[in-house]
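Work through the exercises below with the structure open. Try each task before reading its solution.

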Amino acid sequence: MLVEGIKSRPVYKGLVLQPYARRHLFVLEGEGANALLDQADQLDETILSRSEVLYVARGSQGQGHDEALRRLGADMFFTAPTIATLLFRLKVSLSNAHMGTRLYIAGTEGFIGQAMTVALDLGMADAAILTEHRGSLARRVQCVHCKGMTEDVTQSPFACSHCGLPLLVRDHYSRRLGAFQGVNIDAEEPGSAPEPEELFL
Amino acid sequence: MSLAFKQETFRDDFTYRNSPENIRRFPFPFDRDEYMYSVNMEPHVKGRAGTVYENLIDVDEHYVSEMRDRALVLKEDPLRYQALPHMMSAQWDTLELLMEQQAAGYPEHFTLIRNGDQWRWINRPLGIDDTFTFGDAATLPYEPLEYISRQTQGDICIVDQRDGNLWMDAGMVTTQADWSLDFDIGMNFMEWHGPVPLAHQIGVFERALKFLLNLQLGKPVRRFNWTMTINPRLDTSPENYPKWGPDRTTVTPENVGEKVHLRVELQTLWRLPRSNAILFVIRCYLMNMEELVSVPKWARRFPRVLKTLPPELVDYKGLTRYRQTTIDWLSTHDDGAPTSPGFWPD
Ligand code: HEM
């Protein structure tokens with residue numbers, strides 16, 4: 001149960017532009033903005049005229065990227081006040097999307113997971129989605145016991161924000177849930193949980 | 001031969017036991033004195049009477065009580081049954097296969113009468129007599145997979161085949177060795193096997209997947225998996241780990257024989273006709289150490305397997321706390337004589 005180094009961890013291959021796509025949908029969170037800004041020189045007129053950029057800042061990190069992103073001059077640009085708002089907009093954009101749309105997601109793992117879930121639920125093919133991890137290593141974790149999600153987990157073990165059990169953060173990852181699995185670390189001997197370690201900063 | 005179904009429990013007072021006849025037919029999974037992961041698959045064909053291969057879907061004396069335990073699990077946690085929407089055709093394939101196999105193997109207990117798409121299913125041990133329209137889910141009290149898996153021993157997964165991979169897109173999982181359908185549903189073969197140690201590195205999963213992608217209709221295959229469980233508990237889910245985890249600290253030299261169980265999964269894999277999905281049946285058998293040592297060959301072999309088990313497997317299977325106590329107890333039943341090759345009792 002408590003094995004380390006699990007193989008279902010997703011691999012984020014980076015936002016490699018697909019120049020022949022009919023539409024480019026960039027979904028960026030916090031430092032994820034840099035995944036696009038770093039390759040601004042490759043964005044020609046054609047690509048920009050087919051691009052939609054959705055962006056949400058993340059706490060103090062990634063502030064100010066909205067201006068830089070706006071200056072790129074994409075066909076459409078939207079700054080969302082919260083992740084939930086951004087995901088709602090993403091749903092609408094994807095529902096209206098044509099075949100040949102490429103989705104580019106960049107930000108923390110928890111954000112990538114949530115945006116992926118929206119896309120997969122709408123029937124988007126895996127192959128049409130590109131992802132890049134930027135910013136904090138914090139994880140989104142589902143408690144396997146109460147099923148509650150805890151966002152921005154940087155420590156293991158940590159107390160489930162719903163049922164309070166001390167959870168070991170496994171590397172086992174569900175793309176459908178966009179979350180890592182949290183398992184009660186001291187189930188066999190309640191009270192024996194080790195001190196938390198900052199593992200995902 | 002008509003089965004005498006036991007009334008017993010897999011929780012609280014744990015009254016589950018095997019009859020002497022059932023011990024003789026227990027699917028002991030070790031054909032030698034050591035164990036390591038391998039691509040251990042063979043054709044699933046009928047075998048001798050008095051073994052679990054007598055029929056392709058095995059029903060035994062625990063049937064009625066296991067079905068009661070499954071119903072209890074589902075009442076507490078309905079997410080143990082899930083099916084993604086595109087799996088409906090595979091659900092009907094599964095219902096057909098499990099009804100046909102159980103009716104063929106145990107005509108005194110199960111009867112399937114087909115009249116075009118009007119089907120009548122009689123399950124005498126559970127007192128069920130239902131008529132429904134094959135293909136019309138509204139004529140059954142549950143979705144087809146949930147309906148038939150509430151009447152079939154063993155956990156069930158249906159995996160969809162697409163993009164050169166297998167996807168866990170439906171299942172009924174209430175007797176599992178510590179994995180969660182709710183977490184794993186929608187994953188592919190490599191992802192859901194992510195937590196397994198060593199096997200990825202030695203290429204087991206790559207070869208197993210290749211083999212399964214070519215599984216043929218009418219040619220099911222089988223393999224064993226095994227672990228150990230404290231108390232005869234079927235529901236060792238991660239969801240309920242806080243309930244059963246503490247059991248692992250309760251093993252003493254005095255209670256090893258009763259408390260420690262070998263848990264064997266006889267897994268069968270079947271290509272389904274309409275959906276081209278694969279049905280994966282994980283049939284769980286439990287036997288305590290007292291029962292195990294009643295067969296001398298197993299009493300010699302099992303402690304030797306435990307002694308030489310790779311540490312990664314000891315850890316993954318969760319045996320760490322009670323392995324040594326169990327080996328010590330079992331070793332008093334091992335006279336050191338050589339064991340004969342193969343699974344069967346001598
Ligand atoms: C398509 C059918 C199959 C399904 C649905 C399935 C499912 C699973 C699941 C859910 C686990 C638990 C992983 C965890 O710890 O979370 C597991 C373990 C495992 N599976 Fe499979 N599996 C399948 C086929 C196979 C095949 C064909 C092999 C052949 C080599 C295999 C080998 C293993 C092994 C070695 C383990 C570790 C078991 C242990 O040590 O207790 N599986 N499988």
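Predicted model: local features only at pLDDT ≥ 70, side-chain atom pairs only at ≥ 80, totals over all residues.

Residues are numbered from 1 along each chain as its sequence is written, chains are lettered from A and ligands numbered from 1 in the order in which they are written, and side-chain values use heavy atoms, with hydrogens and water left out.

**Exercise 1. Find the protein donor of the ligand's iron atom and place it in its chain.**

Step 1. Look for N, O and S atoms within 2.8 Å of the metal (3.2 Å for Na, K and Ca); water is not among the atoms, so sites may look incomplete.
Step 2. The protein gives the iron a single donor, NE2 of H193(B), at 2.0 Å.
Step 3. H193(B) sits in the loop between α6 (189-192) and α7 (204-213) of chain B. Helices (H or I, at least four residues) and strands (E, at least two) are DSSP runs, numbered from the N terminus.

**Exercise 2. Describe the second largest cavity.**

Step 1. On a 1 Å grid over the protein atoms alone, a cavity is a set of points where a 1.4 Å probe fits but cannot get out; lining residues have an atom within 4 Å of a point.
Step 2. The whole structure holds six cavities of 30 Å³ or more.
Step 3. β10(B) gives the most, with three residues.
Step 4. Sort the lining: five nonpolar, three polar and two charged residues. Here Ala, Val, Leu, Ile, Met, Phe, Trp, Tyr, Cys and Pro count as nonpolar, Asp, Glu, Lys and Arg as charged, and the others, Gly among them, as polar.

**Exercise 3. Trace the five-strand sheet of chain A.**

Step 1. Strands pair if DSSP finds at least two bridges between them.
Step 2. The open sheet runs β7-β6-β11-β10-β9, with mixed pairing. Its edge strands are β7 (149-153) and β9.
Step 3. β9(A) runs antiparallel to β10 (residues 166-174) of chain A, joined by two bridges. F158(A) has L167(A) as its bridge partner.

Key:
1 Å grid on protein atoms, 1.4 Å probe; cavity = no way out; pocket = protein on both sides within 12 Å on 5 of 7 lines; lining within 4 Å. Points joined across faces, edges and corners; volume = space filled by probe spheres on them.
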